[in-house]
Amino acid sequence: MSLAEARPASPAVFSRIAPGRLMWIAVLIATIVLVMLPANALPAWAWKYPLAWQVPFGSWISAFMKWLMESASFGFFTVHDFTRAIAWTLDLPLQFAKSVFATGFIQGQGSDAVVILPAIPWFAMIVLSVAAGYAVGGLALGLQMGFGLAYLAVFGQWDSAMVTLASVLVASLFGAAGGLLVGLACVRWRWLERIVSPLLDVAQTMPVFAYLLPMLILFGFGPVSAMVATVIYALPPMVRVTIVAIRAVPEEIRSLGLMTGCTRRQITWKMLVPSALPALMVGVNQVIMLSLNVVIIASMIGAGGLGWDVLTALRSLNIGKGLEAGLAITVLAVLLDRFAQALAVRSGAAVQGQSTGRRNILIGGLGLGLALWAAAAISQPLAVYPEAWKLSTGAFFSDIVSWINVNFFSTLEAIRTGVLLNVLIPVKRFMLALPWPWVVAVIALAGYRLGGWRLALTVGLMALFPVVVGLWPTTMITVYLTVVSVVLSALIGIPIGIASAQRPKLWRVVEAVVDTLQTLPSFVYLIPIVMLFRVGDFTALIAIVLYAVAPAIRYTAHGVARVSPHLVEAGAMNGCTRGQILKRIRLPLALPEILLGVNQTIMLALSMLVITALVGTRDLGQETYSALAKADVGRGLVAGLCVAFIGMVADRLISAAAGRMRARMGVEA
Amino acid sequence: MAHPILAARGVAKLYGANAARFVRDGRFSGTSEELAQAGVTAAVRDVDITIERGETFVIMGLSGSGKSTLVRCLAALTPPSAGEILFEDKDLNRMAEGDLIQIRRHQMGMVFQHFALLPHLTVLGNVAFPLDVQGMKKPEREAKALEMIKLVGLSGRESRFPRELSGGQQQRVGIARSLAVGPDLWFLDEPFSALDPLIRREMQDEVLRLQDMLKKTIVFITHDFDEAVRIADRIAIMKDGRIEQIGSAEELVLRPATDYVRAFTRDAPRAKILTARSIMSPPDPAADYAGVVGASARIAAFARKIEEAEKPFAVVDEGEVVGKVDRRAVIDVLIGRESADQAA
């Protein structure tokens with residue numbers, strides 16, 4: 001459209017709206033026609049990419065990994081030795097954390113094992129956490145920490161939760177420190193940022209399953225591989241936050257550093273990092289939450305912890321137990337999130353006066369906790385939460401679920417089949433009927449219209465990748481589930497966002513819900529839904545929508561609410577009704593923001609989609625998951641890259657569209 | 001003459017892809033047209049300055065005149081594209097980084113426009129920061145910092161954080177910090193531009209008071225001519241990256257080198273700038289004087305005395321009568337009328 005606008009002398013009104021819109025209408029019609037065509041109207045390769053043309057990236061990668069681990073050498077030692085040495089080093093802090101929180105320090109093996117020092121007993125841990133919570137976030141946080149941990153102990157989730165916690169803490173520590181260092185390096189050397197930035201995109205959009213496998217091969221089967229995968233997954237937001245936060249430190253502060261004769265190191269560690277601390281803590285919070293998310297998933301491949309409990313419960317259809325473990329994950333997630341947020345707020349506004357009092361409480365709590373720990377070390381049976389005090393709601397939940405299933409089975413089943421037959425299957429058929437050259441061409445065309453040749457080439461090549469590696473049908477199934485769930489999320493999320501944007505009271509409720517939705521690890525969503533709807537695409541759809549709807553709500557509400565009040569007043573003075581103000585002023589101006597919300601929704605949907613492979617979808621997620629099971633690195637990575645590219649194509653196109661809109665309206669990002 | 005503390009020789013700072021084309025052997029050459037053609041902007045060009053020990057040198061210009069770039073060059077925060085910056089005869093841009101760091105740690109201090117206070121440190125921590133960087137022990141540096149805080153009148157607020165202070169107080173912290181290392185050369189980069197006019201005046205007095213006490217060499221950047229006049233021994237007026245004229249306020253007012261300087265000084269408070277010497281007429285041996293004024297006294301200081309007297313005053317320089325001032329000469333200045341002498 002920009003071309004047409006640049007030439008106001010165009011002959012007719014018709015042609016002024018024409019080029020852009022007409023073209024897309026034509027594309028739409030052509031697409032429908034192509035789908036309706038009889039099977040032999042186009043050459044067969046347009047639907048089914050010939051096997052002979054496929055590029056065997058998968059085998060190449062597998063062969064490379066094999067060579068790397070079996071033959072590659074640095075001269076004095078092999079790559080295999082090298083990675084195992086790294087694994088051994090990384091294992092130390094992990095083992096230490098696990099000993100502290102979960103297993104205790106043990107000497108000897110098997111039946112000869114002697115516990116030297118037990119893990120922190122539950123009561124000591126509660127005292128410590130309450131003190132830390134109070135010191136960081138006041139009485140409310142202290143109480144929350146206390147009740148949350150007490151819940152874990154009372155309901156028998158303590159041991160698993162502590163294993164998970166230990167992994168999360170260690171992974172977050174590495175993730176935050178690593179992200180900070182990489183971010184600082186990117187600020188220092190711009191060329192590094194140019195290299196790292198696309199890698200971050202891939203790491204963020206690639207399913208965890210896909211790089212779990214190479215990690216297993218590089219670092220051996222065990223918790224270290226899971227931890228490395230976790231760190232890689234949790235690192236990107238920290239890197240980005242660091243880059244932004246450090247760049248945002250005023251130039252004068254940097255000059256001050258030079259003028260007071262700081263060395264480079266002093267400038268970085270005494271000025272830039274402390275000045276940017278509040279912003280950096282937001283990144284740390286994200287790292288912790290992402291780590292928890294992945295630790296839960298990774299624990300399914302044998303690291304133990306809450307994720308493993310949920311998986312075994314689901315497999316044995318032990319509904320009550322699964323829900324309990326799921327709730328324990330939720331409690332842990334909420335506690336970690338609250339604590340990290342309180343830390344971030346506090347680092348922004350260091351409190352004086354109170355702070356000494358709080359520090360005393362922290363020190364007191366620490367002392368008491370350690371004393372209790374020591375006491376437990378002397379009299380070890382004390383440290384174990386007594387069986388008799390444990391409660392279980394498992395039976396209760398099982399009863400509820402079976403009651404629902406008995407009484408509402410036909411209703412639930414009707415909903416499920418209705419949606420499947422009327423929405424899911426037709427969309428799936430339509431997607432699978434699209435010839436790949438057409439889809440790639442349309443994506444490239446969209447790229448060209450939105451961002452010129454460079455964008456067209458990027459998205460076109462990304463779209464071509466699944467074709468070339470022979471995963472086109474699987475990719476289209478992924479796209480179909482993504483499209484349906486994103487549309488559904490948008491249909492639910494955008495109206496809620498609009499409604500709550502102008503009603504602060506409603507927004508407070510919605511925000512609390514959205515915050516919680518975003519805090520929970522994706523895996524948790526599957527548990528109740530699987531119980532009600534069994535496995536399959538419909539279950540996946542609901543889980544994805546629940547997980548992905550949050551950004552659609554949040555961005556819409558934010559975008560609508562932040563439209564300049566002057567414009568709204570101007571509209572009111574021109575006699576707009578409330579509806580007109582919304583439709584003519586607020587929504588058009590909020591559109592770029594809403595688009596970015598949809599973009600986020602797509603990203604979350606894709607990450608959830610992969611998890612739903614566990615409930616039997618047949619998409620790329622399944623492909624990576626089964627590659628993991630078969631230890632086929634190449635296949636897993638290639639499928640993972642396909643998912644990453646779907647996400648990146650959507651991201652590039654939507655960001656370009658939002659950017660164009662903003663530029664046209666002269667609004668700053 | 002003693003060696004100047006700071007000197008700029010042929011300094012130019014160019015921006016643009018083809019900037020290197022205009023620099024040969026460290027010298028800048030090129031006309032404005034050539035620069036424009038190559039798409040190069042000269043933020044600073046052809047600047048020669050010599051700053052003597054103990055003087056207050058003000059660089060004045062409107063925004064975009066290049067004064068900020070120049071001070072960044074003078075402080076070696078940005079390397080100039082051409083020319084050299086000599087601090088005590090040593091080229092700042094040719095010395096080893098370690099030497100530059102030593103100079104900055106002990107001989108330079110800077111006050112910033114937006115204060116540049118570290119948000120995570122208290123007032124005490126901020127003032128002690130430059131000492132901390134040098135590796136000074138905690139009790140020692142805190143004692144020194146407390147002394148500085150007292151000097152700028154902020155005693156009792158040591159444990160506050162920057163955001164709890166008003167703008168004027170924040171800049172006092174900035175001043176205390178820049179003085180903590182006992183610098184010889186004190187840069188103030190538009191230190192009061194972000195403050196309210198009333199506070200600004202108060203802070204100017206503060207700088208004058210400190211300078212009276214400490215006798216530093218000051219390089220002061222401002223866009224406010226009144227501020228320049230109040231503070232400066234000498235003023236350099238900048239426009240489009242060049243220095244239009246350097247001189248005392250009085251010289252700028254009486255003998256503007258260019259139309260730009262003339263336009264700038266036209267509305268200046270002449271009574272506060274001009275001295276008796278500049279408006280006196282030749283002495284009249286037979287005259288009957290009502291009293292005496294010093295040759296370098298500002299008109300504003302003695303205007304009232306002359307206004308009340310019927311007879312002219314003798315202008316005295318080192319005990320000798322060098323001229324006379326009468327009521328009319330003073331009124332000419334006060335109402336901005338060109339007197340017969342000056343017009344001639």
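The following legends describe close-up views of a predicted model.

**View 1**

Helix α19 of chain A runs over residues 504–519 and comprises 16 residues. From its first C-alpha to its last the helix reaches 22 Å, close to the 22 Å expected at 1.5 Å a residue. Its buried residues are A:Val510, A:Val514 and A:Thr519.

**View 2. The annotated span of chain B, residues 23–265**

An unreviewed UniProt entry carries the annotation "domain: ABC transporter", which covers residues 23–265 of chain B. In the model, this span is 42% helix and 23% strand, and its end C-alpha atoms lie 34 Å apart.

**View 3. The open sheet β13-β14-β15 of chain B**

In chain B, 3 strands form an open sheet in the order β13-β14-β15, with mixed pairing. The edge strands are β13 (292–294) and β15 (320–325) of chain B, each of which pairs on one side only. From one strand to the next, the twist averages 40°.

**View 4. The pairing of β14 with β15 in chain B**

Strand β14 of chain B, residues 313–317, pairs with β15(B) in the antiparallel sense over 5 bridges. B:Glu320, in β15(B), is the bridge partner of B:Asp317. In general, strands of a sheet pair through backbone hydrogen bonds, either parallel or antiparallel.

Technical notes: Residues numbered from 1 in each chain as written. Chains lettered and ligands numbered in written order. Predicted model: local features only at pLDDT ≥ 70, side-chain atom pairs only at ≥ 80, totals over all residues. Helix = DSSP H or I, 4+ residues; strand = E, 2+ residues; numbered from the N terminus. Expected span 1.5 Å × (residues − 1). Buried ≥ 20, exposed ≤ 12 C-beta atoms within 10 Å, placed from the backbone. UniProt positions renumbered as here; feature names shortened; annotations may be inferred. Pairing = 2+ DSSP bridges. Axes fitted to C-alpha atoms, helices over the stretch in contact; angles between N-to-C directions.
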